[in-house]
Each structure stands twice: as structure tokens, then as C-alpha cells.
Amino acid sequence: MAPQTSAISSSPASRRQKSKLSHLALVDPSPIRRSSGSTPGGVISRSGCWGRSAVHSILFAWLPFCDVLCSENDDELVLNVKCHYLQAKVSKCTFELGDYAYGENGGANYIGKIIEFFKTNDDKDYFRVQWFFRAVDTVMQDAAESHDKKRLFYSDLMNDNLLDCIVSRLKIIQIQPNARVKSKSIASYDFYYAMKYSVDYSTFCTMTSKPFHSNGTVPKIKEQNGNKPCESELTLLDVYSGCGAMSTGLCLGTKLSGQVLKTKWSLDINKSACETLKLNHPETQVRNESAENFLDLLKEWDSLCKQYAVHRKGDIIKSHKSIPSGKSDKSTEGEYEVEKIVDICYGDTEDSSKRGLKCKVRWAGFGPSEDTWEPIGGLRKCQAAIKDFVQKGFTSKILPRPGDVDVICGGPPCQGISGYNRHRNYESPMDDERNHQIVVFMDLVKFLKPKYVLMENVPDILRFAKGTLGRYALSRLVQMNYQARLGIMAAGCYGLAQFRLRVFLWGANPCQHLPQFPLPTHDAILRYGAPTEFERNIVAYDEGQTHRLEKALKLADAISDLPSISNFEAGEEMKYSKPPETEFQKYVRATESEMLGFSPSAKKQAGKAVLYDHQAFPLSPDDYLRVCLIPKRKGANFRDLPGVTVDERNYARRDPSTEQTLPSGKSYVPDYAINFYEGKSMRPFGRLWWDETVPTVTCKPDPHCQAVLHPEQDRILSLRECARLQGFPDYYRFCGSPKERYRQVGNAVAVPVARALGYALGLAFQQVGDPSQPLITLPPKFSHSTAYELLHSASA
């Protein structure tokens, strides 16, 4: 091939672009680190040469297909360039710059776009290539086997390869991000693409030239105009809602961005959790049923709406379906008359095995207490009542239809991967019925087609069985043509006194901006690590990146202002005994109006604020006597009970010479404490201390195996203390038995984390920030300031 140096710049700067080969380290289990001076999201630096033979077996099918010339410690592109070319001939085929091509390595073909041709000083011919990924070559791996085999993902990954690695030319087309792929339209092409893939935060992002608003600074908090509704108010469906922590935080955070998000619908199978959500969000349509039944109900409801209420002109609903002749709501002899239908569900409220569409009937001459659930098939003579109910429900949107929901959030339970489950299916976790809810969640997304999706789960979704469930969730979103981004966030990094690591998965319609992850506002005390293979998904500042984090919160910062109570406290309401002592305590005591940006209430200014749910789960008589003997000092635990000795290996053992018995006749030192982790653990009957943090608030604070005792009071942490560790405002109340309330708090998403994510969601909807960048910085004092305080500090 003839050199064309006059047409190509040979500036050294153009030849020194860093190779992105280090991004391929995702599946390598070797230790990783953040490199200094990297862009947001970080570049994982690795030492050693990325030669073909050295790493192909580790990096699977997406390893670049030829040897790379690089130094021992830096993944550089080829530097000893002699001249450039405009075209090259390989196997009698002439290739131009910008052509797509197959490249070969060991019999496998890889796909890329030719960026440069050049000759080195030692007269070797190379080409620079920009790589594409097949779906199975991304982080989705085997979970993407069902994807269209013609679909590719663009990337920024480039490197240099020997010219004779080119096999053949390809025809690849870029399609619009929201285009429906039709076989005829791409039949003449080998592949197509519409999204870009980045290993950082496992991002699948629309390739678009659509402008975004950014001036390089942290976006300012925006104020809404009084009670005037936002022109683009977003609606939210909270699935597996629990007591409503995630939707509460999302709505609070979105408000701060200048956008309004309303929880229109929620769903949970737990009755007490639904009652809690309804108590705190009376405007929400709360559904107490399984997600499977809810999905089937939505499909049936959509059919009923199409039958009775789908045609609209202004505010008048007209049905194209007339009531069949001969049908009537009037009763005949031996029948009851239907006054109206008041609700609808799918499945038997008493027997989950009996499924089918049912209506809740109000009978003429009877009150609400006599309402009954009747199969819709038995209401054939009640077409007028059905039509009236459907049309009113369609107008008020008692249930969402496709296109009605802007945001779906939820944390589908995956009990099959729980560490407490001794019978986990490592080989085929997707076949485990206990992991089926993640499938149902994605089926709901597929049916309702929201603009945005936010899924939350425990880190084991990325750790168990090589992250099969996490990869499945990503794969389903991408297959549905959603953009996606996955991050791991620690609650302590957003101003809480617990560490609590959780996985969050964003999804966005291809026409929307993909939300970013908010960077931490606080330092945090590391209590445990993230799944090794996904350490690059941890939402954090890069090593060496300039940042100002506030100090990590400790237990005293969260609960030191709360009144002293006993193990037997029965009052559900009480007054505060002293003023707030920290910024967090001041923030968490704020009223709902202040949280939403309105001025402080007169009730609070008058000193009449009420504290709710400050009660401890009562200990058994034996356990209470044990707790009373645990010293009130840091590190105290069951080893301080009479009858325990510690050997030279730091193992707890019984000491018969000092052992004592309780009035019940049992030993002060129970067998379960001695046997827990073979006596190595110091958690049973452990006291927390003021300068410590909690690893994770659990559903059941059990002193038998956890350090959950109050530092200075003979009881476990109260429900309100646990709620504060989760970031619930003090005005948020809980329903159900004490056990059910603790479970609601332990299952919840940390509210400040959801609030930070809500802020990012609001910015994305308003197209603020660069969606190709995975991270954003929150405004100063974001985590411990109410909307009222942030709005007024911004205006000042």
C-alpha cells in the first residue's frame, strides 16, 4: 500500500491516546484500584502487557484480536509511527478509513471500525480499530444469549493491530435509538447498533447528538412556584414498596431538582407495610397483593378500558361497546341487586391459588361492611355497573395502563440468594422460584413501558452464582431497548450512621437522558466489600480526585437527642426531651412541609413536635436479665457475663467455676452465644457505642447474634432509632405489630440514598448534565438540609 502522509496528520499527540485495554479487566479477579487523575468513573489501572496469548482465556470473546505494543506498566498505543495511509489492501480487498471489518484471532472473529492505517519505524503495517461489542461480550455475558445476534454496541475502546489480522469488510448501520428493528430494513446489513457500551458502571447509553444543559458546575436547587403544579409532573409506581422508603426519597429528591414526582400507585404483599405507606401517603393508590396478580390485573384492566372507555373527546368518555340487550343490574326474585362496583382485583384475597378477575360489589340496601368479592363472570347481568366503574376508574387512573407510568421503582425480593438460605441453587438460580420476582418486575416494565426504571437489591445479586441475577436484570432492560447503568452505593456515604451497601440499576427510555449516580457527600467507615467482579461499579470518587467529604456519621450523631426509655416502654407518642444536638438530628426532626420546601410549621415553632414509634422490641425475661449485666462500655458483649472465659486463641468458653443461673434455672450464658461461630464472635449481646456505626439495619434486631444493644440503656435499639439509621424523618409513622414495624424499617431503602437518586432523576428528565458521564456531584450540604433550607441558601 502506498503511503499518503500528506493527507494525514502525524502529530505525536494523535498517536498517544491511552488504550482502554485496562477496561477489559472486569472479569479478571485480580485486585483493582482507582488510578489518579482519571475521569469520573475511574480507569482501573493494571500492570503487565495485554498480549494476545496472555489474556484471551480470561477476557472471553471480547478481547482485542491482535497483540498490542505496550510498555510494562502503561497500556499505550503504538508510538513508533513512521507514516500514515488513507487506504490499505488486504487479501485483494481495499479498505478505507471508516470501514467496518472482521478481525481474526485464533479462529474467532471480532468487529471494529478502522480509524487509522500506519507503518512503524521497523516497517510493520498496523491499523487502529475502534471496537464493537456483541451482547454476550458485555457484562451481560450468557444472560444475553436471547438477544438479536445482529445487534452490536459501540464503544470507545481502541487499540492497534497488525494489518494482516483484517479478515473481511462488514456492512454495519447505525439506527435511531427508538427505532423498531424490522428484518427487511436491516436485511442488507451484517449488523446494526444504536447504543454505546462502557464497562464503567456497566453503562448502556443511547448514542445521540441531542444537546444537554451543563455549565460545568453543580446544578442549583430549584424552587417551585408555591402550590402551582409542575407542568411536567411525573407519576411513580412503587413495586414491592414495603413502607414506601424508596418512593418517599425519590419524590423528595426530585423536588429539589425543580421537578415534581408523585407516587400515584404502590404495591406490596405485606398488609402492614401497605397500611404504613397509606398512612404517610394518603393520596397514593395502595395495592395489597402479589406482583404476579397485579400484573395480570393490569392486563385485564387494560382490556376493560379498551372495551368501555378507550375513546375520549375532551372530558367526555364514550364507549364503543354498548351494553348487551337483555342485561340489567336489577335483581330478580332470589337475587341481590348490585348498587355499584367499588374495587377490582385479580386472585382470591383469601386463597392465592384461586386466580381470576374479581370485582368488589356494594349491594343495594347494604353498607360497606357487607361488600363482597365476586368473579366478574358472575356479574353478566351487571354490565352497566361494570361500565360505570371502568369509566370512572379510567378517568381517575385507579390503575396504570401502558404509558401512564413515568417511573417504576422497586426492590424485587430474591430469597433464593439470601445468605440465610442453606439450600441455594448455585447452578441455575433463575430456575429457583424464590428468585422469580425479578422476572415479574421486568415483566411489569415491559408491559407498562415507563420512561424510567430504578431497581434496588442486595449485593448478593452480583455476587451469587457469578452475578447471574444482576446480569439478567441488565439484560432484560437492554433487550427491551432501555438504556441502563448499574451502581453500588453505601448509605453511610450519604450522611447515615450505617454502612449498608446496596445495588441500584437505572433504566431509561432511549429518548430520555440516562440518570447518573450521585457522588458521596460524606466519608464512611468501611464495614464490608462489594462483589470483586463489580468493584468498578462502586459509586465513589477516584483515587486522587479532588473532593470535599463531610465527616462520617456516628451513632451519637443520629440518636443522642432521643429520650431515654426502658425495655418496657409502651407509649407510641412522646415529647422530645432536649433540642437537636447535630445537623442530622435537626434535619431528621423537620416537618414534612420543610422537607418539601415550605416554611416551618407553626406547630413545630410552638414546641409541640411529637416523637412517634420510640419503643424497643421487648426482650424476654431471661434476655433482659442478661442485658442488665452487660457493662455499659465500648466492646461489651456476652463475654462479660458470669461463667465465660476467653482462651489464648480469643475463643469464648464456659467457666464452670463462675457460672451462674437465672431465676428460670437457665444459665446466664446461653449455648447459642458460646457456639456462635465456634465462640469466635463477639456479637451476641453486644453493645453498640456512641463513636461506632452500624453495618446494616436488619429486619429483626436479634441480640442473640447481633450487636444491637443501646450504649447506655438495657434494651435493643428502638424502632425510631433504627428508622433514623435508615434516614426516615421523625414524622414518618409505622403500622403493624412491633415485629412487623421493625421488618418494614429493616427492609427499606435508606431514604437519603433514594433522595440523592431522586435528585439525579429530576436532572435527567430536565436534560441537565451529560448523560454519557456516569456520576454527578450533589449540592453542598445536600444530605442534611431540608428542601426549605437548600432553597433559601441557594437564593441567598
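**Notes on aromatic contacts**

1. Y240 and F441 are both buried (under 20% relative accessible area, with exposed over 50% and partly exposed in between; 1.4 Å probe, protein chains only). Bear in mind that this is a predicted model, where local features need pLDDT of at least 70 and side-chain atom pairs 80 or more, while totals for chains, interfaces and linings use all residues. Numbering starts from 1 along each chain as its sequence is written, and side-chain values use heavy atoms, leaving out hydrogens and water.

2. There are 23 aromatic pairs in the structure (Phe, Tyr or six-membered Trp rings with centres within 6.5 Å; planes under 30 degrees apart are stacked, over 60 edge-to-face, the rest tilted). Take F132 and Y154: their ring centres are 5.7 Å apart and the planes meet at 75°, so this pair is edge-to-face. F132 belongs to strand β6 (residues 125-134) and Y154 to strand β7 (residues 151-162), so the pair links distant parts of the chain, 22 residues apart. Strands are DSSP runs of E, at least two residues; helices are runs of H or I, at least four; both are numbered from the N terminus.

3. Y240 lies in the loop between β12 (234-239) and α2 (245-256), F441 in helix α6 (residues 437-448), so the pair ties together parts 201 residues apart in sequence.
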